[in-house]
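Work through the exercises below with the sequence and the model side by side, and try each task before reading its solution.

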Amino acid sequence: MALVEFLTYFGVGAAVFAYVLHLRRAGAFRFLVRQPAPKPVRVHLEVFNSALSVMLYNGVQLLARIGVLAFGYVVTLNNPLPLWEVVLSFPLVLIVHDAYFYWTHRWMHHPALFRIFHWEHHKSAAPTVFTAYSFSIPEAIVQGLFGVFYVALFPATFATLIFFQFVEILHNLMIHSGVDVLPRTLVVHKRWGWLAGAAHHDLHHRTARGNYGLYTRFWDRVFKTEHPNFVAVYNYVHAPGNDGQAYKLLSRRSGDVAASELSYLD
């Protein structure tokens, strides 16, 4: 599982990073949320943080397994499950993770907890693909515990966990890339528009408020935490005349300031 994470994250991440730089050099802004301007020093730190996070994810899960064994329990993913549980486990793991991420993410934005857990991630106000796992140690542990939480309470097979890691990494890379390619029907349509893509999460990095969801807009819409200008920003990004200046739609008077300018981050 660790090998899947490393190869998927850094292999796909490097390819997407190179593609975004190509778009920048070509002056092509279609689907770009903003002008990409990665700072080498910051990118290097993000790569280091990401590698550390992957190791912590697997370390947390290994320690949990050792702890369970120490109390005389034997945990195995090899016991056969009914076919309906196996089939259910694939969408279920993403549904449960979407809820887990929303609530832990929102919790880490509390002013009393932000600097301890989430400040390292938000140092990247204009994220790159390598921001996806650029966490502090406490945040990496919280996110790494999801695997333990899910296996303890829900049906899972080894294939379920590999599927989850693969989809989660690809989605995380996409939403931090600054390139939003998700179709309008699946994002902003009144009935079918539930997915959260790059424009949704990039806006969160820009303002450090709202848009806490990972895969979907469901929890943000239900609990009224979606940024009020998200649909306008999304439409700007997908317009033929997109010039990479979607954030000119934001206003300081409405609290739309860069994360680095917020008082509780000083």
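The expected span of a helix is 1.5 Å times one less than its number of residues, and helices (H or I, at least four residues) and strands (E, at least two) are DSSP runs numbered from the N terminus. This is a predicted model, in which local features need pLDDT of at least 70 and side-chain atom pairs count only at pLDDT 80 or more, while totals for chains, interfaces and linings use all residues. Residues are numbered from 1 along each chain as its sequence is written, and side-chain values use heavy atoms, with hydrogens and water left out.

**Exercise 1.** Compare the reach of helix 6 with its expected span, and find which of its residues are buried.

Solution. Begin with the length: helix 6 has 17 residues, and from its first C-alpha to its last it reaches 25 Å, close to the 24 Å expected at 1.5 Å a residue. Next apply the burial cut-offs, where buried means under 20% relative accessible area, exposed over 50%, and partly exposed in between (1.4 Å probe, protein chains only). The buried residues of helix 6 include Val142, Phe146, Gly147 and Tyr150.

**Exercise 2.** Describe the surroundings of His204.

Solution. First place the residue: His204 lies in helix 9 (residues 198-207), and it counts as buried because its relative accessibility is 0%. Then list its contacts (heavy atoms within 4.5 Å): leaving out residues up to four places away in sequence, His204 touches His105, His109, His118, His122, Arg209, Gly210, Asn211 and Tyr212. Finally look for polar contacts, which are pairs of N or O atoms within 3.5 Å; within protein, one must be able to donate a hydrogen and the other to accept it, and residues adjacent in sequence count only if both atoms are side-chain atoms. The side chain of His204 makes one with the side chain of His122 (3.0 Å), and the His204 side chain also reaches the backbone oxygen of Gly210 at 2.6 Å.
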